[in-house]
Amino acid sequence: MKWDRETLIRWDKENFWHPFTQMKVYREEGGIIFERGEGVYLWDIDGKRYIDAISSLWCNVHGHNHPKLNKAIEDQLKKVAHTTTLGSSNIPAILLARRLIEISPEGLNKVFYSEDGAEAVEIALKMAYHYWRNRGEDRKVFVTFSEAYHGDTIGAVSVGGIDLFHGTYRDLLFETIKLPSPYLYCKENFGELSQTCSEDLLMKLDEVLRARRDVVAVVMESGIQAAAGMLPYPKGFMKGVREITKKHGVLMIVDEVATGFGRTGTMFYCEQEGITPDFMCLGKGITGGYLPLAVTLTTDRVFSAFLGEFGEAKHFYHGHTYTGNNLACAVALANLEVFDEEKTLEKLTPKIEHLNRRLKEFWDLEHVGDVRQLGFMAGIELVKNREKGEPFPYGERMGFRVARKCWEKGVFLRPLGDVMVLMMPLVIEKDQIDEVIDVLKGAIAEIPVL
Ligand SMILES: *Cc1c(COP(=O)(O)O)cnc(C)c1O
């Protein structure tokens with residue numbers, strides 16, 4: 001197909017409906033059209049270079065165009081790109097399942113593949129529901145949290161709690177019991193993420209589970225409500241949820257799609273809480289940001305409830321065309337090897353500390369209302385007036401305007417509303433972190449003081 005720069009830009013606006021994008025604005029302003037990448041850098045079709053400060057939407061880990069990851073795909077490609085796993089198997093999918101179990105919290109030893117984070121959650125929801133059915137119990141309600149985000153398919157939206165994204169579909173969603181967002185609840189009622197707040201919230205959960213005998217599972221993101229604007233939980237909160245769900249015999253689904261694969265400083269955030277949930281959902285960083293792949297990990301106990309004679313029809317009637325895709329599994333396996341070979345997590349610890357030090361500088365800026373961090377994930381919240389806690393009007397798109405300024409200076413960002421998100425590839429170097437911080441600080445400082 002023949003194209004030049006101008007036709008490319010025109011066709012992008014004419015034919016391509018972009019996700020989470022107001023296309024009227026996109027057609028007026030356009031976006032960056034990327035052409036290639038190397039390490040933490042991306043280049044657009046005009047040859048302009050950017051630092052990929054959001055890891056291409058939170059999934060790149062070891063940089064773009066990584067020789068070892070490239071080679072894993074090339075080697076697999078010479079054998080076969082895709083074979084079905086519905087009742088048959090393939091080598092990389094078997095090896096990856098084995099390896100994931102080795103590095104996951106003790107007790108998670110069954111792996112179910114899919115392609116995206118939303119599917120991994122959707123699968124956990126269906127499995128949990130089906131688990132009780134197979135055991136002859138009629139349970140149908142999930143306990144969820146306000147401000148949660150688990151993806152955009154209808155089941156994942158049902159257990160989500162971001163009104164702006166999810167409110168429209170209210171009538172299509174199944175029943176849930178919603179607890180408050182831990183971060184917002186603690187800030188409002190306790191002023192901080194304290195142990196007392198954590199205990200207070202856990203008491204609420206305990207009351208709910210005592211009152212209702214039809215709860216399938218408690219569903220939560222791990223460590224932080226990322227998509228809501230990087231809202232961390234109080235330390236120990238998830239451990240408390242694990243204890244209470246165990247006490248009441250309710251399942252616990254933990255969504256590590258954003259936090260998995262090193263983002264919080266450990267391979268999975270669950271490790272920091274010392275817990276094993278009944279389900280752990282992984283996606284994003286699993287292939288190092290190369291190909292779409294997700295997994296739902298679960299326990300022998302859940303798995304066993306689906307075993308039976310064929311005629312009993314107890315099995316999990318769920319699968320996707322590309323479930324356990326050979327290329328995706330091959331690159332995921334290589335990504336885990338790179339974690340060991342390049343000592344990714346060991347090298348990350350000082351970078352997290354460096355990020356923490358530099359993030360403090362944002363408090364000096366007039367329009368910064370809050371700065372939040374969990375490991376290597378950070379959010380800087382912009383406000384119109386800090387004293388009054390007054391946000392910018394939604395229509396002003398302040399976060400987006402600040403991001404655009406950063407693009408001009410060679411830093412690629414995408415905010416969550418007015419929260420500037422930093423989710424840099426784990427391999428980024430200290431001086432590159434400094435460049436990102438300096439550019440972002442400069443862009444925020446340019447917002448006029450009213
Ligand atoms: C991104 C995300 C999802 C959805 O993953 P997709 O691959 O976009 O479907 C689910 N849960 C969390 C916590 C996420 O950050």
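**Close-up views of a two-domain predicted model**

View 1. Between domain 1 and domain 2 the count of salt bridges is zero. The model is predicted. Polar contacts do cross the interface of domain 1 and domain 2: the rule finds 14 residue pairs, both residues at pLDDT 80 or more. On the side of domain 1 that touches domain 2, the elements giving two or more residues are helix H3 (55-58), helix H15 (344-359), strand S13 (368-374), strand S14 (377-382) and strand S16 (419-422). H15 supplies the largest share of that side, four residues.

**View 2. The chain is divided into two domains.** Domain 1 covers 32-62 + 343-449, and domain 2 covers 70-341. Their C-alpha centres are 27 Å apart. Domain 1 puts 28 residues into the contact, and domain 2 puts in 30 residues.

**View 3. Area is buried between the domains.** The size of an interface is often given as the accessible area lost when the parts come together. Here domain 1 and domain 2 bury about 2,300 Å² between them. Carbon and sulfur atoms account for 65% of this area. On the domain 1 side, Trp58, Leu374 and Met377 lose the most area to domain 2. Together these three make up 27% of what that side buries.

**View 4. The largest nonpolar core has 106 residues.** Phe362, Ile380, Leu413, Leu422, Leu440 and Ile444 touch the most other members. Helix H17 (residues 430-445) gives the most to this core, with seven residues. Both domains take part: the core draws at least three residues from each of domain 1 and domain 2. A second, separate core holds 27 residues, including Phe112, Ala120, Val302 and Phe306.

**View 5. Leucine 422 and its contacts.** Leucine 422 is one of the residues that touch the most other members of the largest nonpolar core. Neighbours within four places in sequence are left aside here. Leucine 422 is then in contact with Ala53, Leu355, Leu359, Phe376, Met377, Ala378, Ile380, Leu413, Val436, Ile437 and Leu440.

**View 6. Glutamate 271 in helix H12.** Glutamate 271 is found in helix H12 (residues 270-273). Glutamate 271 counts as partly exposed because its relative accessibility is 39%, between the cut-offs of 20% and 50%. Not counting residues up to four places away in sequence, glutamate 271 touches Ile103 and Thr266. The C-alpha atom of glutamate 271 is separated by 29 Å from that of isoleucine 437. Along the chain, these two residues are 166 residues apart.

Terms used:
Residues are numbered from 1 along each chain as its sequence is written. This is a predicted model: local features need pLDDT of at least 70, side-chain atom pairs count only at pLDDT 80 or more; totals for chains, interfaces and linings use all residues. Side-chain values use heavy atoms; hydrogens and water are left out. A nonpolar core is a set of buried Ala, Val, Leu, Ile, Met, Phe, Trp, Tyr and Cys residues joined through side-chain atoms within 4.5 Å. Buried means under 20% relative accessible area, exposed over 50%, partly exposed in between (1.4 Å probe, protein chains only). Domain bounds come from an automatic or database domain assignment. Contact means heavy atoms within 4.5 Å. Buried area is the accessible area (1.4 Å probe) that two parts lose on being put together, summed over both. A salt bridge is a side-chain nitrogen of Lys or Arg within 4 Å of a carboxyl oxygen of Asp or Glu. A polar contact is a pair of N or O atoms within 3.5 Å; within protein, one must be able to donate a hydrogen and the other to accept it, and residues adjacent in sequence count only if both atoms are side-chain atoms.
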